[in-house]
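Dear colleague,

I am handing over the structure below, together with notes on what was found in it. Please read the notes with the structure open beside you.

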Amino acid sequence: MSTTTRRQSTRLSAKREATRQAHISAPSTATVPAPPPRKKHKSTTIHKNVASAVPHETDYRKVKGRRGKLKSMTEMPLDILVEIFGQLQPIDLLNLSRATKDIRAIIAGDDTLWKKAYQNVKANAPPPCPPGMSFLHYTILVYGWDCQFCASVRGVVVHYGARVRMCGKCAPKQLILTHKGNPKRDKTALSLCLSSYITKPHILQSNNYIFKQEYDRHIQRLKACEDDEAKSLYIKKSTKEKDENDNIARRLSRWHEQQKYNKSVTWKILAGNVAKREIVAKLREAGYGPELVNTRFRLENLPGVNLPVELTDKGWEKIKARLIAVYEWQRQENIKRKMIQTFQPRFRYLYPLVEKATEEMPTPCIFADFSHIARSEPFCGIIKDITEGADEDMIKMQIESLAPRLGEISSSWRAEADKVLLGLLSEATEPSMLVDNEEVDRKPLELATTFFKCHWCPDPISYPRVLMHSCLRQRRFPDTDDDEGPEEQESIAKEEDGDSDGDDEDEADDEAKEIDNENGDPTEVHGIPKTTAEHVWDKMSSWFGSTWNEGNDQVSIDEESTKFAKVIVQACGEDLLTVTADRMDEIDARVECLRCSAQAEAKKKSRNRLVMTWKMAILHDIEVHFEDPSTENGSLWTPDPV
């Protein structure tokens, strides 16, 4: 059962009593209007069993967590509390101030405690507390994570110019871009605000920002200035304060970046030491001890190593393949480097011998390129000998003793090259159909009407100059500008053709990669190609150029030059089937271009005659009259006796 009591106001009761007495004493002739209805007052219900509703002093059933542990701390003597608090760090003092209101009052009201706390920070101490800022707020700024505008504990955005910490939701509302935004913003107020560069990709775009409340404060102060003189004084004073605050903000920003770096380094060290020793032991057990010492990759920088957990069998199986692949690649690189260091001095033994033999050759010098000689026997077998313990002095003597065979190798190379060129001249005869022992007939190559061209330059090339052409002695690497490589293009073509056997072929290729076709030796180790002498040899040969016309696809017949040459030879009165280039040089005939002379005479530009040698005439036709080819009767050229 409950009773209801109405709450009364003494002032309102006295007012109502005075009004009632005035109505009683007033004349009865006046008509008094009825009073408005009274408002209903709130009522409080008082239960009889009030005592049972109040929990017991030690009853914490309705309170989460452990409560009451610090309730008697404030009963300790104050000097003892100050002595205890003076041993703490700033972050500990900040957390303790949030325990109870009494403890917060003790800590927040005594700056001596905070000064002692900051003196206790021995390493990486923050800058001193700026003037005009309490130690409690300064500690929240540098050590805390609380947003100063809401109850969030994820204050990840810090504006050191305004000395505020914000969460991701409050930051866009409290900050303004310095160079963007509303064009109506006051430039004077913007110049008085201190900007700070903030990088938070998921919250704000990386840019300079100012604090919105600071901008609004400057707007109000500038409007409150009575005249220009007062405004000028305020701007001068604010600029001075801005410079002072800028120095403080810079020191805070540098300290914050140093703290982030120290934490990352410390975390890497602590995390790496947990499993690094066990990983090193397992890699040494697998036989990769030398690679751990001589490698370009640091173990702690590899994926899966810097995890702050102990290494388990399951964790090792996850990172085993990647780590072993890295160190297997390093092992193959070490083998490759060792082979290169073996081959290099042997190339240097051979190179001066080739230069000396070239100098002794008669002019014009037609000699095999260095790459072809190094790849020919017996030099190739001596240089590629990677037997351990081989005597380099003995190898040098063997190479020098084989110097008389350089001429034989060069003659053999020229015969092979001539067969390739003869095969280009005759469509019916292929180079593979020529007999190796057959004597080469070079007469078709020496004709004045025979010209070749390489795929890299446009000028016609005569024989035997084509054998020493520099473009054909240099290795050309494929362009890497295409988005899709040859293998990708081939796979795409197969898909377009509807090749349904691709999966079976891929499986067969994978099996073929595991073993060599002839010797049965593995060509890959843990997915890394095995380094062989042949692979390194190919890479080494690129340093000394390539063999002449490597691949037999870099030289072809220059049909345009051949056609022009036939016309010019006929104009000189020579036989197309027998006259050679040397014969034409011996005749040293001069020819005149009738077309150019006729055009010059028609335009009356010059009366000089255009006379040139037969080779210059060919180049003239290619450059000037390539769209107007010469006729077969030679009427466009005339010989000019000299």
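**Salt bridges and other findings**

Glu291, Glu328 and Arg331 are linked in a network of salt bridges, a salt bridge being a side-chain nitrogen of Lys or Arg within 4 Å of a carboxyl oxygen of Asp or Glu. This is a predicted model, in which local features need pLDDT of at least 70 and side-chain atom pairs count only at pLDDT 80 or more, while totals for chains, interfaces and linings use all residues. Residues are numbered from 1 along each chain as its sequence is written, and side-chain values use heavy atoms, with hydrogens and water left out.

By this rule the count comes to 12 salt bridges. One of them joins Asp146 to Arg98, with the closest N and O atoms 2.4 Å apart. Asp146 lies in the loop between α7 (135–142) and β3 (157–159) and Arg98 in the loop between α4 (90–96) and α5 (101–108), so the pair ties together parts that are 48 residues apart in sequence; helices (H or I, at least four residues) and strands (E, at least two) are DSSP runs, numbered from the N terminus.

Lys384 and Glu534 also meet through their side chains in a salt bridge (2.3 Å, N to O). This pair links distant parts of the chain, with Lys384 in the loop between α15 (379–383) and α16 (392–401) and Glu534 in helix α21 (residues 533–541), 150 residues apart. Lys384 counts as buried at 18% relative accessibility, whereas Glu534 is partly exposed at 45%; here buried means under 20% relative accessible area, exposed over 50%, and partly exposed in between (1.4 Å probe, protein chains only).

A further salt bridge is formed by Asp418 and Arg442, whose closest N and O atoms are 2.4 Å apart. Asp418 belongs to helix α17 (residues 406–425) and Arg442 to the loop between α17 and α18 (443–446), so the pair ties together parts that are 24 residues apart in sequence. Asp418 is buried, with a relative accessible area of 0%, while Arg442 is partly exposed at 28%.

**The largest pocket**

About 800 Å³ of space lies in the largest pocket, and of the 29 residues that line this pocket, the closest to its centre are Val158, Tyr160, His256, Glu257 and Lys260. On a 1 Å grid over the protein atoms alone, a pocket is an open set of points where a 1.4 Å probe fits, with protein on both sides within 12 Å along at least five of seven lines, and lining residues have an atom within 4 Å of a point. The volume is the space filled by probe spheres set on the points, which are joined across faces, edges and corners. Helix α11 (228–285) gives the most to the lining, with 11 residues.

**Backbone details**

A cis peptide bond joins Glu377 and Pro378, with omega about 5°, and Pro378 is found in the loop between α14 (370–375) and α15. Another cis peptide bond joins Tyr463 and Pro464, with omega about 10°, and Pro464 has its place in the loop between β8 (452–454) and α19 (486–496). Asn124, although not a glycine, has a positive phi of about 55°; this residue is partly exposed, with a relative accessible area of 38%. Arg163 likewise has a positive phi, near 60°, in a residue other than glycine, and Arg163 is buried at 15% relative accessible area.

With best wishes
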